[in-house]
Amino acid sequence: MDYNKDKTELYKKIRNEFTLASLSLNTFYKLIYPKIDRKSVLDFACGEGYLTRRLKIWGAGEILGIDASESMINLAKEQEKRSPLGIEYELHSAQKLGTVGVFDIITASWLLANAKDETDLEKMISSIALNCKKKTKFYSIDHCGIFERYGNKLLNKYNMNLDSIVKTPGYIHIKITLTGVDNSKMTFDNTCFERKLLETKMHQYGFRNIKWHKIEFAGELIPFELHKIWQDIGNESIVEILEATYEGC
Ligand SMILES: C[S@@+](CC[C@H](N)C(=O)[O-])C[C@H]1O[C@@H](n2cnc3c(N)ncnc32)[C@H](O)[C@@H]1O
């Protein structure tokens, strides 16, 4: 999806309504919060700053958000201006970022699904590695590696619909539509990479100790009524968090 001005407003609305987003945030919180105190953070594909702002509130030190969409970066900057937290935002595509610093923690919430193919994915991972030092932690929220479990029977319950699947060895291209509470719809073209391919690429660029975390339901950030709604997604978790540690090549 091209995040132009109209789409960014729609994205912001659906992002706030979408329960899966809060659930993944909750799991992210549990993983990152104990490690974030005063740490420098680079947030890839920061969008309008939904996660970036929370990372800062959870205790991050210096924090930079980058995104390839000018409209998203503008929204993030407007929000920063309205209620300053000391976050920097810059317009960059992940594939071409180069080194902008050396960070303790790098996050990417829905970045990798925007890679068009294996080569594109490799460019993103290479950029992530270029901003790491030994022991930098990388956390990514994505549907990576779990595409074999997708199906509309499951997705429709959560206001999602899978409109097309094109399979290629190692990954699939999907078109997925999210429906908002007022029936507004937003369609994304995403790529879901197999776990094995992702792990191989991460390894190639110096990442080790790769772990996959399922989204958890219980937690302080999620209103109790939402736990019940999402309980039956259980082991079918359609989103996972990838954690890795940079050790260098
Ligand atoms: C689904 S949104 C996620 C935004 C934010 N991380 C969040 O969790 O709300 C995906 C974001 O990825 C950005 N994006 C897509 N391709 C990108 C790329 N190649 N480099 C950097 N950002 C990219 C889009 O502009 C969009 O803001």
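## Burial and packing in a predicted model

Of the protein's 249 residues, 37% count as buried. Buried means that 20 or more other C-beta atoms, placed from the backbone, lie within 10 Å of the residue's own. This is a predicted model: local features need pLDDT of at least 70, side-chain atom pairs count only at pLDDT 80 or more, and totals for chains, interfaces and linings use all residues. Numbering starts from 1 along each chain as its sequence is written.

The protein has eight helices and 10 strands. These are DSSP runs numbered from the N terminus: helices are H or I with at least four residues, strands are E with at least two. Among contacts between residues at least 6 apart in sequence, 71% join residues at least 24 apart. Two residues are in contact if their C-beta atoms, placed from the backbone, lie within 7 Å.

| Helix | Residues | Buried residues |
|---|---|---|
| H3 | 50-57 | Tyr50, Leu51, Thr52, Arg53, Leu55, Lys56 |
| H5 | 118-130 | Leu121, Met124, Ile125, Ser127, Ile128, Ala129 |

Helix H3 is largely enclosed by the rest of the structure, because six of its eight residues are buried. Glycine 59 follows H3, with a positive phi near 125°.

Helix H5 has 13 residues, which at 1.5 Å a residue should span 18 Å; its end C-alpha atoms are 18 Å apart, in agreement. The expected span is 1.5 Å times one less than the number of residues. Cover for the buried residues of H5 includes strands S1 (41-44), S4 (103-109), S5 (132-142), S8 (185-193) and S10 (240-246), plus helix H7 (195-204).

H5 and H7 pack at about 45°, with axes 10 Å apart. The two helices are therefore oblique to each other. Their crossing is right-handed. On the H5 side, Glu118, Leu121, Glu122 and Ile125 make the contact; on the H7 side, Leu197, Lys201 and Met202 do. By class, the H5 contact with H7 has four nonpolar, no polar and three charged residues.

**Tyrosine 139**

Strand S5 holds tyrosine 139. This tyrosine 139 counts as buried because 22 C-beta neighbours lie inside 10 Å. Beyond its neighbours within four places in sequence, tyrosine 139 contacts Phe28, Leu31, Ile32, Thr107, Ile241 and Glu243. Glutamate 243 is 104 residues away along the chain, yet its C-alpha atom is 4.7 Å from that of tyrosine 139.

Terms used
A residue is buried if 20 or more other C-beta atoms lie within 10 Å of its own, exposed if 12 or fewer, and partly exposed in between; C-beta atoms are placed from the backbone. Axes are lines fitted to C-alpha atoms, for helices over the stretch in contact, and angles run from 0 to 180 degrees between N-to-C directions. Angles under 35 degrees count as roughly parallel, over 145 as roughly antiparallel, 65 to 115 as roughly perpendicular and the rest as oblique. A crossing is left-handed if the near helix is turned anticlockwise from the far one by less than a right angle, and right-handed if clockwise. Ala, Val, Leu, Ile, Met, Phe, Trp, Tyr, Cys and Pro count as nonpolar, Asp, Glu, Lys and Arg as charged, and the others, Gly among them, as polar.
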